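Have a look at the structure first, then read on.

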Amino acid sequence: MALRWLARCALHRAAPVPAPPPPPVSFSPQLRSYILLLRFSTSSSDQPHFMVDYLISACGIPPDKAAKAAPRFAHITSPARPDAAISFLRSRGLTRAQVRAVVSWTPTLLLSDVDATLAPKFRAVRSLGLTRAEAARLFALYPPALTMGVHTNLLPRLLLWLDLLGSARLLMKWLAKTWLLKYSADSLLRNLDALRAHGVPEARLAATVRLKPSLILQSPAKLDALAARVDACGVPRCSGMYAWALLALHSVSNAAFRDKRDAVMRGTGCTEEEFLAMFRRAPCFLFMSAEMLRRKVEFLMGTVGCGADHIVRDPVLLTLSLSKRMVPRCRAMEALKARGIDVGREQLVNIVRASEARFVQRYILKYSDQAPELLELYPPDLRKGSSRGDRSTTGSCCSSQGD
């Protein structure tokens, strides 16, 4: 027994140690594309399917993406259907570059039947009043729309956005920035109902969405969290500023909010409660960067001669453009004083705050003969008549926002 046990131990020690498994082989993107090209072939000679070359040369699709898409075309033996799809898109106003971009996004579009699949989508869009050029731009901006069901997805989404935005022009503007049509009509309607529940009045609902469509592209949980942030700032849901507060905080993260709060508090010496009161009166000043807010406070206090308490009481001042309004007006007033022209005792802060129409009439046109340089210091492109920002803040959030 002992001898057999010793023999087994000796054999065990002499057994070779198994080699570790080889490391996984990694391929470069170029080699991976080549392997895919070789794998997708239709003959014993391993020649790639003709659609690989078609997608690369005719549609500008990168080789790796063409190789991945090509198996979808294995059943076709000629480029007749892809040619027809491309020809149709070009005939509907899409440029060659736009067609390439659309096909690159969804290559299987080339398998679509023109009469049964593509043409009805263009007819549906045109039936809503969009021009030929607008319809082409819509599909170029959002290629997945060409794969949507006309009545189940495409028309409901388009109708809802056209109703909210009010025009095809605004639809194109926002579609170029955000894929509005990605979201179902049901989810958008739920978020509109949530905004109503949070306190946005029906009369302001469309106008609010028009200013920031992404407001209703959030998940319900994020929309609820946004409303909670507005509530934490003390904005009453019955306030005319509530919708503006939603828009402002939707555009500003918690960290950015703190940076802007600190910039204003350092510049004016106000307390946090006073800052929140400023926000409740004019939420739109939060659209400015912290650095811009710092510069505006410095200019108002140093050049305009505005006291910190005045800025705290009238935060609309922080929404006035520095380069297009405050600085040019101050330079115009300096020119008038340099000419010895008596312009009265109106405070400079009130001159900066005055409506565009009143300022131009009272100080530019009235004295342009005595001080011709006013027309250069305050050129016509700055004279826009009465601006949105000159209305009472009870009805809108003020001002010609900007730098």
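A crossing is called left-handed if the near helix is turned anticlockwise from the far one by less than a right angle, and right-handed if clockwise. Helices here are DSSP runs (H or I, at least four residues), numbered from the N terminus. Keep in mind that this is a predicted model, where local features need pLDDT of at least 70 and side-chain atom pairs count only at pLDDT 80 or more, while totals for chains, interfaces and linings use all residues. Residues are numbered from 1 along each chain as its sequence is written, and side-chain values use heavy atoms, leaving out hydrogens and water.

Two helix pairs are worth a look; axes are lines fitted to C-alpha atoms over the stretch in contact, with angles from 0 to 180 degrees between N-to-C directions.

| Helix pair | Axis distance | Angle |
|---|---|---|
| Helix 5 (residues 80-91) and helix 7 (residues 114-127) | within 11 Å | roughly 20° |
| Helix 13 (residues 220-232) and helix 14 (residues 242-250) | 9 Å | about 115° |

Helix 5 crosses helix 7 in a right-handed way. On the helix 5 side, Ala84, Ala85, Phe88 and Leu89 make the contact (heavy atoms within 4.5 Å), meeting Val114, Leu118, Ala119 and Phe122 of helix 7.

Helix 13 also passes helix 14 in a right-handed crossing. Residues touching there include Arg229 and Asp231 of helix 13 and His250 of helix 14.

Now for the rings: Phe257, Phe275, Phe279 and Phe285 form one aromatic cluster (ring centres within 6.5 Å). Phe275 counts as buried (under 20% relative accessible area), at 0%, and Phe257 is buried at 11%.

Conventions
Helix = DSSP H or I, 4+ residues; strand = E, 2+ residues; numbered from the N terminus. Buried < 20%, exposed > 50% of the residue type's maximum accessible area, 1.4 Å probe, protein only. Phe/Tyr/Trp six-rings, centres within 6.5 Å; stacked < 30°, edge-to-face > 60°.
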